[in-house]
Amino acid sequence: MKLGARLIALILLLSLAIVLTEAEVITLTPETFSDKVKEKDTAWFVKFCVPWCKHCKKLGNLWEELGNAMEGDDEIEIGEVDCGKSRDVCTKVEIHSYPTFKLFYNGEEVSKYQGKRDVESLRTFVVEETEKAAEKAQLEDKEL
């Protein structure tokens, strides 16, 4: 019996370790998009894609790898929207091609990413643009 309990405990620990190492990419829907991107002092870097797009497919695990690279940064969230399922969201934020990467801060669109499609380039972009957006927001708060 003790061996069985130990085996179950080991399996649970391994399962937890796998869950904890998965990418922190949050799927946004029409029900969650607006509330999430409006979170105070939080940047949302969002990928807008459709499953049938060859360019989206070519990204492979890039977005999940970015999610892993950004893990632990409480001020930056990595999200994705399936424009096939969430057309209203994509229309609202003016998505005209796939994939599109946009950064939102305090509910406002800050910038659109158009650089290299590798983790380090994406990470550098989102960190730098988030810092700029946070500084701008602080200045605006002081003016009020």
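Which residue forms a salt bridge with Lys 47, and how far apart are the closest N and O atoms?

1. Basis of the note. This is a predicted model, in which local features need pLDDT of at least 70 and side-chain atom pairs count only at pLDDT 80 or more, while totals for chains, interfaces and linings use all residues. Residues are numbered from 1 along each chain as its sequence is written, and side-chain values use heavy atoms, with hydrogens and water left out.

2. Lys 47 and its partner. Lys 47 pairs with Glu 80 in a salt bridge, and the closest N and O atoms are 3.4 Å apart. The term denotes a side-chain nitrogen of Lys or Arg within 4 Å of a carboxyl oxygen of Asp or Glu. Because Lys 47 belongs to strand β2 (residues 43-49) and Glu 80 to strand β3, the pair ties together parts that are 33 residues apart in sequence. Lys 47 counts as buried, at 10% relative accessibility. Here buried means under 20% relative accessible area, exposed over 50%, and partly exposed in between (1.4 Å probe, protein chains only).

3. Other salt bridges. The whole structure contains five salt bridges. One of them joins the side chains of Lys 36 and Glu 39 at 3.8 Å, N to O. Lys 36 is partly exposed, with a relative accessible area of 30%, and Glu 39 is also partly exposed, at 28%. Another links Lys 132 with Glu 129, with 3.1 Å between the closest N and O atoms. These two residues are three apart in helix α6, a separation of about one helical turn. Glu 129 is buried, at 15% relative accessibility.

4. A buried charge without a partner. Glu 77, in strand β3, is buried yet has no salt bridge; Lys 36, the nearest side chain of opposite charge, is 7.3 Å away. For charges, Lys and Arg count as positive and Asp and Glu as negative, whereas His and the chain ends are not counted. The place of a charge is taken as NZ of Lys, CZ of Arg, CG of Asp or CD of Glu. Apart from residues up to four places away in sequence, Glu 77 touches Ile 26, Thr 42, Ala 43, Trp 44 and Phe 45, where contact means heavy atoms within 4.5 Å.

5. Surroundings of Ile 76. Ile 76 lies in strand β3 (residues 76-82) and is buried, with a relative accessible area of 5%. Beyond its neighbours within four places in sequence, Ile 76 contacts Ala 43, Met 70, Val 126, Val 127 and Thr 130. Between Ile 76 and Val 126 there are 8.0 Å in space, C-alpha to C-alpha, although they are 50 residues apart in sequence.

6. Negative patch. Asp 74, Glu 75, Glu 128, Glu 131 and Glu 135 form a negative surface patch. Patches consist of residues with over 30% relative accessible area and no salt bridge, like charges being joined within 9 Å and nonpolar side chains (Val, Leu, Ile, Met, Phe, Trp, Tyr) within 5 Å. Glu 131, in helix α6 (residues 119-143), is partly exposed, with a relative accessible area of 47%.

7. Overall architecture. The chain has six helices and five strands; helices (H or I, at least four residues) and strands (E, at least two) are DSSP runs, numbered from the N terminus. Of the 144 residues in the chain, 33% are buried. Among contacts between residues at least 6 apart in sequence, 71% join residues at least 24 apart.

Conventions
Areas by Shrake-Rupley, 256 points an atom, 1.4 Å probe, with all protein chains shown as cover.
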